Amino acid sequence: MQDLVSEYTFTVDKVENKGKVVLLTGQAALDKLFEPDFVSEWTALIEACPWATAFQSPQFVNSWYNAYQNDAFPIVALHLEKEKLKGIMTMAILTSKKDEQLLRNKTVKITGAGGYDAEYQTWVSEKDFGNKFALSAIEEIKAVFPKSNIIFRFIPAGAPIEWLDQSEWSKKSVLQPHKRPLLKFENPDSKKAFKINKQYKTKLNRLKREGVVSFEKVASYERFEEVLDDLAVQYDFRQGVMFNKNQFRDFPARKKFMLEMFREGVLHVTLLKLDDHIIGSMGAVYGKDWLHLQGFNTHSPFYAKHSPGILHFLHLGNHLFEEGFEVFDLTPGGDKYKEKMATSHDVVYSLVLTDSLVFKFKRQVKKKLHAYWESKGLRPMSVEMNFEKKAYLFSHRLDLLKKEKLGFFRKKASPAIKPHQVEMAKPIKGICKNEIQDLLQFEEVGTNISRWEYLEAAMSNLEEGQGLFTWSENGVLLASVWIIDSKDKYAKGFPDGLTLIDEYLHPNIKDQYASFLKGCVNRLQEENPGRSIYLSTADGFETLA
C-alpha cells in the first residue's frame with residue numbers, strides 16, 4: 001500500500017469564487033491532516049458544525065488512517081478561504097486483498113473515512129456553507145476518480161442534502177432514510193430504560209452468588225491495553241457466530257485502531273466483571289456529549305445464562321447519566337432492544353452517488369426490499385444475513401462436492417478407539433480447558449462442517465453449560481472435545497459421571513487421538529476425583545476411567 005500511496009499521490013487546486021477547494025490524496029493527505037495547527041482548525045470546525053459527529057473528528061479519522069495505512073487510500077477534500085479551513089470531507093478507498101491497483105481510471109468504491117467503523121459519514125463545514133461545500137467536494141473527487149462510486153454509510157440528521165436536488169446528482173444518486181433510536185437523558189423516561197427489572201435482578205443475584213460483581217470504567221491506556229486481548233477474543237467469537245467474521249483476528253490493525261482511539265479520547269470503554277473475570281464489555285465512540293453504540297460490545301459465553309451483556313448495558317446507562325452525557329445514540333438497525341430503550345427518534349440517510357446505471361439499479365432494488373421487509377415487521381439486516389448464510393453454506397457444500405465426489409453426504413467419524421488404547425497412550429501436553437481463543441483457530445479440514453457452523457455449535461454448547469478441551473499449536477486447532485456433566489439439567493440420557501462428546505480432530509493428528517483423550521481424562525480425574533469418565537461413540541458410551 002505504501003508504494004501505491006507514493007505513486008498515485010497528487011494535489012489538485014481549484015479556485016472558487018470566494019476561496020479554493022483542494023483535493024489531497026495518499027501521503028499528501030496524511031501529511032496535511034496530521035499538522036498540529038491544521039488539527040486545531042479542524043477541531044474548531046467540528047465544534048462549530050451542528051451536524052458533525054465524533055466520527056469526523058481528527059481524533060477518530062487520524063486514528064483510523066494511521067492504523068489502516070496499509071488497507072486504505074486516503075482522499076481528502078478541503079475548502080480554504082484565505083488559508084482558513086471552511087470545509088473538510090475525509091474519504092478513502094478500501095483496498096482489496098486480491099487487487100490493489102488503485103488507478104484513477106478504474107472503478108472503485110469511495111467511502112467515508114473510517115469505513116465500517118464510522119457509523120456516520122459526512123462533510124463538515126460552517127452551518128450555511130454545507131450544501132455548496134458538499135457539491136464542490138464531490139465534483140473534485142469525481143474529476144479525479146471519474147468511475148468511482150461514492151458511498152456514505154449514514155449521513156447524520158441535520159446534514160444539508162438539498163444540493164442533491166439542486167444538481168445533476170438528483171438523477172445519479174440513491175438516498176435512503178433510516179430511523180435512528182435515541183436515548184436522551186433529559187427525558188424523564190431515560191431512567192426507566194436502565195432500571196433493572198425483576199428478571200434481571202434475579203440473574204444479577206445469581207451472579208453475585210458466584211463471586212463479586214463489579215462495573216469498571218477503563219480509565220487508563222495501560223488498563224485498556226491490558227484487557228484488550230481478552231475483549232478481542234470475546235468479540236471475534238461472537239462475530240464469528242453471528243456474521244462469520246473475525247475482525248481482530250483477520251485485521252490486526254483493528255487493535256491498533258482501538259488503542260489509538262482510546263489514547264485520543266474518543267473511545268469510552270467499560271467492563272462488567274465477576275471477580276477478576278471480564279464477563280461483559282463495551283467500547284463506544286463518543287464526542288460532543290453524545291455516546292454512539294459503535295465500536296465493540298462483548299460478553300462471556302460461559303455466563304450467558306445470566307445475560308451479562310444486558311446487565312452490563314443496564315449498569316452502563318446509569319453510569320452515562322452520572323458522567324453527564326446528553327444522548328446515548330442507539331444507532332440504526334431495527335433491533336428490538338434499541339426500540340424498547342429509545343426515548344425519541346430522528347432520521348439519518350445512506351447515500352450512494354454513481355454514474356453507473358447498473359450500480360444505481362442494484363441500490364434502488366435494495367432500498368425497495370428494505371422498505372418491504374420493514375413493512376412486514378422484519379429487520380432488513382437479519383434478512384440479508386440469513387440469505388448470506390444460506391449462500392455461504394451452499395457454496396461450502398458445493399466445494400465439498402467437487403473435492404470429495406459426494407463424500408460430504410457421509411458423516412466423518414473419528415477413528416475407532418477402545419478404552420485400553422486410551423489407557424496405554426502417552427497423554428498430550430498443552431491441552432487447554434474452556435479456551436475460546438482456540439476455537440477461533442478452527443480450520444475447515446478433516447470435517448464436513450463449515451467454520452460458521454462449528455462456531456455456532458460451540459456457542460450453543462458453551463451457553464448450555466458444557467465444558468471444553470482444546471489442543472492448538474502454531475495457531476491451528478488440532479483437536480477439541482466437549483464435556484457433559486450428568487449433574488447438569490441438559491444431560492438427560494447420559495451416564496452418571498462426565499462424558500466426552502463431539503470431538504473434532506485435525507487430519508494431521510488422527511494417529512494421536514488416543515493421546516489427546518488420555519490428556520483429557522487425566523485432567524478430568526485431577527479435577528473430579530472418583531467420578532466416572534465416558535466417551536460418547538456411535539455405538540453408545542465407552543468407559544474411559
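Helices α9 and α11 pack with their axes 11 Å apart, at an angle of about 145°. The model is predicted. In the crossing, α9 passes α11 in a right-handed sense. On the α9 side, the contact is made by Y221, F224, E225, L228, D229, A232 and Y235. On the α11 side, R254, K255, M258, L259, F262 and R263 take part. By class, the contact of α9 with α11 has eight nonpolar and five charged residues, and no polar ones.

**α4 against α11**

Helix α11 (residues 253–264) also meets helix α4 (residues 58–67). The two axes come within 9 Å and cross at roughly 150°. Angles over 145 degrees count as roughly antiparallel, and α4 and α11 are therefore roughly antiparallel to each other. Their crossing is right-handed. From α4, the contact draws on Q59, F60, S63, W64, N66 and A67. From α11, it draws on A253, K256, F257, E260, M261 and E264. These residues of α4 and α11 divide into six nonpolar, three polar and three charged.

**α9 against α18**

Helix α9 (residues 221–243) has a contact with helix α18 (residues 451–464) as well. Here the axes come within 8 Å and cross at roughly 120°. That makes α9 oblique to α18. The crossing of α9 past α18 is left-handed. In α9, the residues involved are F237, R238, G240, V241, M242 and F243. They meet W452, L455, E456, A458, M459 and L462 in α18. The contact of α9 with α18 holds nine nonpolar residues, one polar and two charged.

| Helix pair | Axis distance | Angle | Handedness |
|---|---|---|---|
| α9 and α11 | 11 Å apart | about 145° | right-handed |
| α4 and α11 | within 9 Å | roughly 150° | right-handed |
| α9 and α18 | within 8 Å | roughly 120° | left-handed |

**The cavity**

The structure holds one cavity of 30 Å³ or more. The volume of the largest cavity is about 40 Å³. Its lining consists of F55, Q56, T90, M91, G112, A113, Q121, T122 and F152. By class, the lining of the largest cavity has four nonpolar and five polar residues.

How values were computed
Residues are numbered from 1 along each chain as its sequence is written. This is a predicted model: local features need pLDDT of at least 70, side-chain atom pairs count only at pLDDT 80 or more; totals for chains, interfaces and linings use all residues. Side-chain values use heavy atoms; hydrogens and water are left out. On a 1 Å grid over the protein atoms alone, a cavity is a set of points where a 1.4 Å probe fits but cannot get out, and a pocket is an open set with protein on both sides within 12 Å along at least five of seven lines; lining residues have an atom within 4 Å of a point. Grid points are joined across faces, edges and corners, and a volume is the space filled by probe spheres set on the points. Ala, Val, Leu, Ile, Met, Phe, Trp, Tyr, Cys and Pro count as nonpolar, Asp, Glu, Lys and Arg as charged, and the others, Gly among them, as polar. Axes are lines fitted to C-alpha atoms, for helices over the stretch in contact, and angles run from 0 to 180 degrees between N-to-C directions. Helices (H or I, at least four residues) and strands (E, at least two) are DSSP runs, numbered from the N terminus. Angles under 35 degrees count as roughly parallel, over 145 as roughly antiparallel, 65 to 115 as roughly perpendicular and the rest as oblique. A crossing is left-handed if the near helix is turned anticlockwise from the far one by less than a right angle, and right-handed if clockwise. Contact means heavy atoms within 4.5 Å.
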